[in-house]
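My entries follow in the order in which I looked things up.

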Amino acid sequence: MKCLQFLWCLLVAGSAWAQAPAVGPAVSGSGPAVSVEVSQVHSLVRFVETLAGGSGGHAGSRRAFEKSRFNTPAARRWLRRYQSLDYEPSFDREGYPTGWLGSVGSTMPAYLAASADAQDLADLQRRTVGLLPNEVLVSLDSVYRYFLPTFDTLAWQPHAAELRQLRTVYAQYLGQQQLMRKFGQLRTFYGSVWPDALPYRIQLNPQLDAGKDFTNHAWVSGNVVLLDCHPTSRDFVGGSAVVFHEMSHSLSAQQQRGLQQQLERWYLGSASPNRRYAYNLMEEALATVAGEWIYAQQTGQPETGEWYHDDYINRYAHALYPLMTGYVERGQPIDSLFVRQAISTFDQVFPRAATEYVNLFRNVLYWTNTADYNAAVLAFRDQFRSNYTRTLTPILASSKGVEIAQSGECLPLIIVTRENKATLKYLRQQLPALQAVRLRPEQNFVLSTMGPNGPVILVNTHDEKQLSAVAELLKQQGHLDAKRPLLLLK
């Protein structure tokens with residue numbers, strides 16, 4: 001499991017797509033049911049989200065678009081319009097650990113499910129009335145219609161027939177291997193509330209960059225599994241490791257609330273200085289083990305070599321595999337003893353976790369006054385994988401930003417590109433970590449320092465185009481260097 005970690009007819013006013021979404025046979029057993037589906041509307045929705053740099057989209061498909069003749073100034077304006085829409089409003093769930101999967105709800109699962117059921121864009125609007133404001137629905141519809149020719153040429157016409165063939169064959173494979181029965185054992189380990197009658201819906205989407213793998217990218221939202229794949233491949237063994245990895249995230253999100261609260265207390269109550277890092281990595285590491293255990297059910301053993309294209313998660317998952325799979329095969333839910341052993345394992349495997357950027361960027365606050373904050377975040381996301389991110393803007397007079405930056409719960413990455421003098425003065429007044437170094441607002445610099453509540457990174461630049469270079473610089477540097485906290489930019 002390598003990198004983990006959503007027939008076009010030209011639409012004119014009043015026209016509609018005639019073909020309903022294609023659904024493969026449902027697979028069930030002693031575990032949740034599953035169906036494999038292909039939907040033109042859903043694929044279009046995911047295509048646009050991917051082009052716009054959404055965290056759930058396949059980066060290779062976005063790069064394929066960027067190299068195509070469709071990547072015009074007009075298209076980029078439409079993508080910026082899409083990014084500005086509040087199409088994924090979220091809400092906090094009381095009583096769940098802050099920052100964990102179960103703590104935040106969103107309209108996105110319902111919207112994606114509606115897109116999978118919709119026969120055309122007009123039908124999508126009808127199905128989502130009340131879910132989002134009409135102003136947003138109309139704007140989304142305009143964006144989707146603009147990108148229809150691009151979607152048709154790059155994604156749909158070349159792959160639609162192959163996707164439908166893949167749908168049938170993959171659904172048959174899942175049933176023959178009884179993988180959902182095995183998934184029921186993972187549900188017991190996670191302590192998840194997921195009834196057998198609630199099916200998972202695997203939505204196949206074409207992956208545009210060249211390759212022969214069945215998939216190296218999937219994502220889950222509610223009960224919808226967004227699977228970007230190479231439609232001609234039949235490597236279902238390796239592909240299933242990725243799919244079930246993502247489905248395990250949904251089990252984690254649906255853990256009983258009391259168990260989620262206990263897990264937080266067990267982790268953060270540990271005396272280990274790495275307790276929070278071990279807690280933050282738990283989600284991806286356990287899902288990686290889950291995917292490899294599903295792989296082993298098909299082949300007799302997990303994959304050799306790399307399981308996850310991330311050194312920390314890969315090594316942590318390898319180290320946890322015997323512990324977790326023992327629990328799964330005994331039918332034993334996760335408990336405090338498991339947590340103690342997991343933290344001890346983390347301490348042994350990662351002695352430099354507190355200063356390495358690849359670890360610190362896993363849980364990050366992007367606090368910025370940049371005009372295009374989506375582009376700013378994307379510059380760093382292209383270099384560092386994050387399990388949890390939060391973006392706040394502006395900086396001045398933001399008590400929320402100060403609160404989160406001083407909480408020690410995440411890495412504050414503060415990006416200043418405007419009002420540099422006033423903003424740096426404000427930050428120095430609010431954050432003790434910045435008071436030990438003289439900051440010159442006319443300079444372009446990166447400050448990486450350790451404060452009383454943890455590390456802080458401050459980027460000060462007068463040119464937003466430098467942010468990609470800053471992200472590359474931090475990637476090359478690799479870790480926070482206490483002897484050279486301040487780096488001047490050219």
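Before the helix pairs, I noted a convention: a crossing is left-handed if the near helix is turned anticlockwise from the far one by less than a right angle, and right-handed if clockwise. Helices (H or I, at least four residues) and strands (E, at least two) are DSSP runs, numbered from the N terminus.

I worked on a predicted model, in which local features need pLDDT of at least 70, side-chain atom pairs count only at pLDDT 80 or more, and totals for chains, interfaces and linings use all residues. Residues are numbered from 1 along each chain as its sequence is written, and side-chain values use heavy atoms, with hydrogens and water left out.

**Entry 1: helices 8 and 9.** I found that helix 8 passes helix 9 in a right-handed crossing. Helix 8 (residues 179–190) and helix 9 (residues 236–253) pack at about 35°, their axes 10 Å apart. Axes are lines fitted to C-alpha atoms, for helices over the stretch in contact, and angles run from 0 to 180 degrees between N-to-C directions. Among the residues in contact (heavy atoms within 4.5 Å) I listed Phe183 and Arg187 of helix 8 and Phe244 and Met247 of helix 9. By class, the contact has eight nonpolar, three polar and one charged residue. Ala, Val, Leu, Ile, Met, Phe, Trp, Tyr, Cys and Pro count as nonpolar, Asp, Glu, Lys and Arg as charged, and the others, Gly among them, as polar.

**Entry 2: helices 11 and 13.** The axes of helix 11 (residues 275–299) and helix 13 (residues 336–349) come within 10 Å and cross at roughly 105°. Helix 11 is therefore roughly perpendicular to helix 13, a term for angles of 65 to 115 degrees. I noted Tyr277, Ala278, Leu281 and Leu286 of helix 11 against Phe338, Ile343 and Phe346 of helix 13.

Entry 3: I traced six strands in an open sheet of mixed pairing, in the order 10-9-11-13-12-14; two strands pair if DSSP finds at least two bridges between them. Strand 10 (388–392) and strand 14 (486–488) are the edges. Strand 11 runs parallel to strand 9 (residues 363–368), with five bridges, and parallel to strand 13 (residues 454–460), with four.

Technical notes: Parallel < 35°, antiparallel > 145°, perpendicular 65-115°, else oblique.
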